[in-house]
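User: I would like to learn how to read the ligand site of a model. Please take me through it step by step.

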Amino acid sequence: MKLLSIKECDIFQKKVFIRCDFNVPTDDFGNITDDRRIRSALATIKYCLDQKCAIILASHFGRPKAGVFSEEDSLAHVARRLHQLLKVDVILASDVVGEDAKTRAANLADGEILLLENLRFEAGETKNDPAFSAQLAALAEVYINDAFGVSHRAHASVAGITEHFDTAHKAAGFLLLKEIEFFDILLDNPVRPFVAIIGGSKVSGKLEALINLLPKVDKVLIGGGMAFTFLKAMGYDIGNSLVEDDLIPEAIKIMEEAKELGVKFYLPVDVVAAETFAPDAMSRLVSAQEIPHSWMGLDIGPATVRLYRQVLADVQTILWNGPMGVYEMERFARGSNKIAHFVADSYATTVVGGGDTADLVQRIGLDEEMSFISTGGGASLELLEGKVLPGVKPLMV
Ligand code: AMP
C-alpha cells in the first residue's frame, strides 16, 4: 500500500482544501509562543500557491465549546502569523461552513488563501458527522491532509471528508508524507543497531508501543516514571516512586520476551530520588536498589547516564519517545538533557516522538540536530503501536 502524494495529484488551478494542524501553543494574551506547527505546513501551502490553486485552509484550535463562537478560540492569530510568514493575504472566514465561508470559498480566485474558522466550533467535527463532512467537502475540488497531529482521530475533517473525493482528488501533503515516511523506515527498515529510548510517566501509556517495538529493535533503554514498574517487577524496593502495580505481570512479560528475542533491555541503575514531588524537594542520588522508603525517583542518575551513553555509542538508528525524568523541574531535568545531547551528537538517524520529548529537545536548542522531530505526540505513538491512522488509511492505495 502506498500513500497518495500531493506531488502525484493534479491540483493545477484547482480549489484545494488543506487540513492543517494549527493548534499552536499560546500565552495568556493569545500570542503564539511556538509557531513550529504553522511553519511545518508552509511547504504544502507554497506548493499549492505555485500550482495556482485557490487554497482553503482548515484547522482546529484548543477545545472550544462546540456550536458556539468564542473570540479566544478564533483562528485570527493564526491568520496573522500565516500572513507574516507567507507574505500573502490570508482571508479569515467568520464561520466554518456557514454563509460567509461558503460564499468566500465559492468566489476564491487562484492564488488566494481562505482560512476557515476553528473546525471545533462545529459539533460535527469531533463526531465525524457525515453531514458536516459533506459540507466541508463541498467547498473544494481536491482534499489534502497535512495534519499529522490529528490524523489518529476519526474526525470529520480528517476522516469523513475523504469519502467525498476519489483517489485522483485526495492526497497527503508534504508534512504528512514526511512523518509517515520516517516512521515507515524506522519500523520496517531501520539501519541497525536500532535502539528505542522509551520514557515518560507510565507503562500503560507506552505498553502497546513497547510490545510492537520489541521484535523490531536491538536495544531498549527505559527511563522516566515507567522504569519503576519494571524495577519493582524485578523485586526492588522503589519507595514512593510512580508505579502501576497492575502492570507488573506485563512488565515481567516484556522483559522475558526481550530476553527471548535477544533484545538488550536496559533499566536505570541509579536515580535522583526526592522526598516530595516538588521543584525544591530535598533530593539525593541513590542506586536503583536503594531508594529510601517513602522517597521517589524523579530522574535517572549519573551512572545510568554514563551507561546509556555507552549503549548509544555504536547505534545507527535512535527512536526517542518520553523524557527520562520530571524534566519540567530543573532539578530533575539533567538526565533528559544529557540523553538529548548524546542523541544529538550521535551519527545515527535520530527520530524524536512528539509531545514532551519534542518540547524538551526544543527547550535546550537541540531540535536542529535531530534527523526528525515528529509534530504529533498521540499520532506518532499510534504509529509505534503498529496502527494505521484513520486519517491516513483513506489516502492509501
Ligand atoms: P508521557 O506523557 O507518558 O510521555 O510522560 C511525560 C511526563 O512524565 C512528564 O510530564 C514528566 O514529568 C513525567 N515523568 C518523567 N519521569 C517521571 C518520574 N520519575 N516520576 C513521575 N513523573 C515522571
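Analyst: Start with a polar contact, a pair of N or O atoms within 3.5 Å. Here an oxygen atom of the ligand lies 2.4 Å from an N or O atom in the side chain of E328. The model is predicted, so local features need pLDDT of at least 70, side-chain atom pairs count only at pLDDT 80 or more, and totals for chains, interfaces and linings use all residues. Residues are numbered from 1 along each chain as its sequence is written, and side-chain values use heavy atoms, with hydrogens and water left out.

User: What kinds of residue form the shell around the ligand?

Analyst: Ala, Val, Leu, Ile, Met, Phe, Trp, Tyr, Cys and Pro count as nonpolar, Asp, Glu, Lys and Arg as charged, and the others as polar. This shell has five nonpolar, six polar and three charged residues.

User: Which two domains make up the division of the chain?

Analyst: Bounds come from an automatic or database domain assignment. They give domain 1 (6–178) and domain 2 (190–384), with centres 36 Å apart over C-alpha atoms.

How values were computed. Polar contact = N/O pair within 3.5 Å; in protein donor to acceptor, adjacent residues only side chain to side chain.
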